[in-house]
Structure formats: C-alpha cells, structure tokens
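The following paragraphs are meant to be read with the sequence and the coordinates open side by side. Please keep both in view as the account moves from one region to the next.

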Amino acid sequence: MNMKRFIAVLVIAIWLLPFAMTAQSANADEFDEDIPETVIVDEEADDAPDSIQFTFNQSDEDDIIVNSLTGYKLTNGAVLTLDYESTDTRDVSFFNPPEGDVIKKVFRQAIKPGHNTLDIVLNDKNLGKAMENESITMILGFDDKTSFLNFKVEELEELPVHEGTLPDSTSSIDYGIEASKKETLVVHSLEGYKVSNGIILKVRVTSPDARDVTLFNPPDGDKVMKTYNNKISKGENSFTIELLDKDVEKLREDDTVTMKLGLKANYTFLFFDTAIFDDLPVKEGSIKVTNELNYNTQAMKGDTFTVLSFKAFRVGSGFQFELIYQSPNVRSFSMFNPPNGNKIMKKFNNQVKKGKNKIILNLSGKEVEKIMASKELTFKFGFENKCTFIYLRTSELTDLPVKPSKKT
C-alpha cells in the first residue's frame, strides 16, 4: 500500500470511530440487565460527620418516619437532633435498655404532626450516664402506635465537638395531662427548682373554682401522698408544693409523679417523670420544716368544725398528736384505721369542747404498731348528723421528730 492510500484509510477510520463507540454504547445499554455489577459504597464518605447510625423498629399500626438522628458535643454536654415525619402528637422516652435504671428522660408531647425536628439536650451528667451503657433506646409514642430506635453509645463518642456551652438548667418541667370529661381547668406551666433540703414545684393554672390538690406516687400513693386543701383558687393563679429530701427520695423509687387537681367530679391529672429531679436548677434557700402533718378533711354539709393545726411527735416508742381546732359545740371523736377499725379503734366521749381548743392524744408503742400496719388513719369528730373527718396517710408518721423537752 503506497503512502497516499495509507493516509486516506487512516483518515476514514478516525472519522468513523465516534460512530463505532456510539453503537457499542447503545449495544451495551441494551443488554445492561444481563451484566453483573459490583457496587462499592464508602460509608465513611457518605455519612455526615454528625450522623448517628441506628436501628429502627415499629408496630404494624405505626406510620412515623425517622429520616435521621444527628448530634454534636459542647463543652458541657451534647445535643441530639431527631428528624422525623409524624401524623400525630406523641411522647418520647430516652433510656438505657431494658428499663432505664441508669438514665431515663421523658419528653411529653414532644413529637408534633408534620415534618419536624426534636432536640434532645444532654448535660454533662446525662451524657456521662448514657456513656455507662452499651446502647440507648428511644420509644416514640406510648400507645398502640409505637416505634423503637436504638443506637450504640460508641456513636456518641465520635460526635464532632462544637464551640459553645449548653444554657443553664431550665426550671420548666415537661408534663402530661389527663382530665375528666367536663373539666375546664387549664394548666399553663409546671416549674421546679432545688433548694438545700428539697425541691419546690410551682404550677400555674386557670381554674373554674377553688379546689384541693393531691401529689402522690401512682397508682395509690403507697410511698408518698400529700394533700393540700384549697390549694387552687378560682381564676388564674399559681400554687407551690414543697417536697423535702425524704419525700423526693421516696418518689424516685417510681418513674412518675402524679398530681390530682380537684377531688370531686371535675378533676385534672398532671403527671411528670422523676428523672427531671436531676436536671432542675439550684436556688438559694431552704424549705421551712414544721411538725405539721399533711392531711385531708371532709365535713358533712353544714358542719363548721375546723382544724387549725395538726402535729405529731415521737415520744419514746409511742406517738403524741396535737390538734388545735375550732368547734361549734361539745362532741366526741374517734380514731381508727379505715374502713372499720379492725386494727385499732379508740373512742373519746365529749372530749371536744366548744370554741378554740387543743387536744393532746398520747399513744403507746403497741398502738403505734397497729397504726403503722395500715396505710391510712381516720379521725372522726362528731357521731351524729354533723361530723368532720380527718384522713391521714401513715407514711406521714414514719420520720416524726422527737417531742422537745420543756425548758425549765
């Protein structure tokens, strides 16, 4: 082949090359499904630095979608952000499995309808407790529609560190509400803070009437039962509840604290989690300790007998009750364990005098044992149509102060 013919063939070959490549590519696409392929994924490159890997399980009825869980550390804690899509409002819990014996945080009505994010703030103490475990579980919803999210705590170790600090502890407490059918009372807020010898709670409400308040560990207050007569006023107002350290420790034995606002047909249950006690801010001051017992009264219609003060002391192995009262007449009274005094029943005829007076009632060690074998103690003032009852939880009598001796 002479040089001119060679050059001509080469030019034609170069000119046809793009068409040959196009045809080859089209041919490959046509049979692409028959060609085996290997997909290489660099997980470290795909994940954002703040991404937390998790497993997700949900009930058949649930439709919540979790798009991501991310987080970052600050100098005094960490912030985790849950990106989700939900069709309803629901609670969230954050705890070490299986039951949150090391850390447990509950966020009431934290999940909202729509596409939203939820920030879970962990202070140093919370973060330290979380790191003591192998994994953390989050439950999204506590009813029929429930989802479970779980991640290894080693994911928290690898979170990026951002500049800044968490804000100071907030006094605001997350709470849940359940109310009777025709209830119109509105709870606006629940706050709390620590003092040197306990915790003080503050509740702001708007109420249609004056009413009593009880605070107890559910379901029946077997550890702590506090009753406050006429604690709520009509209209918008606030009330406080003071809990000494001994009461706080008893409440910590359960996961939840319940308040019942109202004791009649219309009432509201307010409940919150004892884990919040750890995160409350500290204020200077203390709760004034008195020997006044926490009790509830109930009077028959028209009775004007009034309890002004009710105290108790320990005297040796026995008890001494001191009751100051205002009575419209002379009457008898009785003390017994409800409902029928099968453990202890004491009657005192005509020992209540007309006007303002004091009763001092001494009980022996054996009588104290009978009283403490019951959960409640009842005092009944009057035996006819007009009478008033005092209801007292025997848990109020577990740590009585010793009767001070009279100064000489």
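Which residues line the largest cavity? In this predicted model, the lining consists of Phe-310, Phe-321, Leu-323, Phe-333, Ile-359, Leu-361, Phe-379 and Phe-381. About 40 Å³ of space lies in this cavity, and the structure holds one cavity of 30 Å³ or more. Strand E19 (318-327), strand E22 (355-363) and strand E23 (376-381) each contribute at least two residues to the lining of the largest cavity.

With that interior detail in place, the chain can be considered as a whole. The protein chain has 408 residues, of which 42% count as buried, and its secondary structure comprises six helices and 24 strands. Its accessible surface comes to about 23,600 Å², with 50% of that area belonging to carbon and sulfur atoms. When contacts between residues at least 6 apart in sequence are considered, 64% of them join residues at least 24 apart.

Helix H3 (residues 124-130) contains Asn-126, a residue that is buried, with a relative accessible area of 6%. Once its neighbours within four places in sequence are left aside, Asn-126 is in contact with Ile-103, Lys-105, Val-121 and Asp-279.

A second open sheet is formed by five strands in the order E9-E16-E15-E12-E13, again with antiparallel pairing. Here E9 and E13 are the edge strands, and because each has a single partner strand, one side of each is left without a neighbour in the sheet. The twist in this sheet averages 20 degrees from one strand to the next.

Within this five-stranded sheet, strand E16 (residues 268-273) is mostly covered, since five of its six residues are buried. On one pairing, E16 is joined by four bridges to strand E9 (residues 176-179), the two running antiparallel, and Ala-179 stands opposite Thr-268 of E16. E16 also pairs with strand E15 (residues 256-261), in the antiparallel sense and over six bridges, with Thr-256 having Asp-273 in E16 as its bridge partner. E15 and E16 form a hairpin that has six residues between the strands, and in this hairpin Gly-262 takes a positive phi near 110 degrees.

Elsewhere in the sheet, strand E12 (residues 211-216) and E13 pair in the antiparallel sense over five bridges, and Thr-214 stands opposite Thr-227 in E13. The loop between E12 and E13 holds Pro-219, and the peptide bond from Pro-218 to Pro-219 is cis, with omega near 5 degrees.

What remains is a set of backbone features. Most residues other than glycine have a negative phi, and most peptide bonds are trans. The peptide bond from Pro-97 to Pro-98 is cis, with omega near 10 degrees, and Pro-98 is placed in the loop between strand E4 (90-95) and strand E5 (104-111). In strand E5 itself lies Gln-109, which is not a glycine but has a positive phi near 50 degrees; Gln-109 is partly exposed, with a relative accessible area of 42%. Asn-350, found in strand E21 (residues 345-352), also has a positive phi, of about 55 degrees, although it is not a glycine, and at 45% relative accessibility Asn-350 counts as partly exposed.

Technical notes: Residues numbered from 1 in each chain as written. Predicted model: local features only at pLDDT ≥ 70, side-chain atom pairs only at ≥ 80, totals over all residues. Heavy atoms only, no water. Buried < 20%, exposed > 50% of the residue type's maximum accessible area, 1.4 Å probe, protein only. Contact = heavy atoms within 4.5 Å. Areas by Shrake-Rupley, 256 points an atom, 1.4 Å probe, with all protein chains shown as cover. Pairing = 2+ DSSP bridges. 1 Å grid on protein atoms, 1.4 Å probe; cavity = no way out; pocket = protein on both sides within 12 Å on 5 of 7 lines; lining within 4 Å. Points joined across faces, edges and corners; volume = space filled by probe spheres on them. Axes fitted to C-alpha atoms, helices over the stretch in contact; angles between N-to-C directions.
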